Amino acid sequence: MFLKYLIVFLVSMVPLIELRGSVPIGLSPLLGEALPIVPLYIISIVGNMLPVPIIFFFARKVLVWGADKKYIGKFFKFCLEKGEKGGKKLEEKAGRGLYVALFLFVGIPLPGTGAWTGTLAASLLDMDFKKSVIAIMAGVILAGIIMGLASAGVFGAIGAIFA
């Protein structure tokens, strides 16, 4: 049982997989019996949120540092320019609802829209750390609920009823 909790915790920290992968793993009988829902969510949320402060405070610095390096410079510069351009566009469209947009971006479980990407965007946009973390955590919780329902077959059952 401890091993499954550890796997869930570690998977929830992996970029692109995050909580969206750890919840189905925790609920599946693949590695033993399914984990209880409340501890599963707590472990997944903590694991998913653990890298957030590090990304927020250091991602931009690493990208700026690497932008003029010989082998990685083009990629790092591309990431910076793309992030800043996308951030400005999002800022113009979202206006005062920027934190709601961040919450929805992180909360809707699509590939590439998790806490890692949301935190990087918040960092590149110079958003307030505390407000960003709250929006990102709320998004992670929403994504966890959606993934839990999907893993439990609720969406499949609803689709079968209305199809």
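**Helix packing and nonpolar cores in a predicted model**

Leu102, Phe105 and Val106 of helix α6 meet Ala115, Thr117, Gly118 and Ala122 of helix α7. Contact here means heavy atoms within 4.5 Å. By class, the contact of α6 with α7 has five nonpolar, two polar and no charged residues. Ala, Val, Leu, Ile, Met, Phe, Trp, Tyr, Cys and Pro count as nonpolar; Asp, Glu, Lys and Arg count as charged; the others, Gly among them, count as polar. The model is predicted: local features need pLDDT of at least 70, side-chain atom pairs count only at pLDDT 80 or more, and totals for chains, interfaces and linings use all residues. Residues are numbered from 1 along each chain as its sequence is written, and side-chain values use heavy atoms, with hydrogens and water left out. Helices (DSSP runs of H or I, at least four residues) are numbered from the N terminus.

The axes of α6 and α7 lie 8 Å apart, at an angle of about 155°. Axes are lines fitted to C-alpha atoms over the stretch in contact, and angles run from 0 to 180 degrees between N-to-C directions. α6 is therefore roughly antiparallel to α7. That term applies to angles over 145 degrees; under 35 is roughly parallel, 65 to 115 roughly perpendicular, and the rest oblique. The crossing of α6 and α7 is right-handed, a label for a near helix turned clockwise from the far one by less than a right angle.

A second pair is α4 (residues 52-66) and α8 (residues 129-151), whose axes come within 11 Å and cross at roughly 135°. α4 and α8 are therefore oblique to each other. Their crossing is right-handed. In α4, Val52, Pro53, Phe56 and Phe57 meet Phe129, Ser132, Val133 and Ile136 of α8. This contact has seven nonpolar, one polar and no charged residues.

The largest nonpolar core has 23 residues. Such a core is a set of buried Ala, Val, Leu, Ile, Met, Phe, Trp, Tyr and Cys residues joined through side-chain atoms within 4.5 Å. Buried means under 20% relative accessible area, exposed over 50%, and partly exposed in between (1.4 Å probe, protein chains only). Residues with the most contacts inside this core include Leu102, Ile136 and Val23. The largest share of the core, five residues, comes from α8. A second, separate core of five residues includes Leu63, Ala67, Phe76 and Leu80.

Leu149 also lies in α8. Leu149 is partly exposed, with a relative accessible area of 35%.

How values were computed
Helix = DSSP H or I, 4+ residues; strand = E, 2+ residues; numbered from the N terminus.
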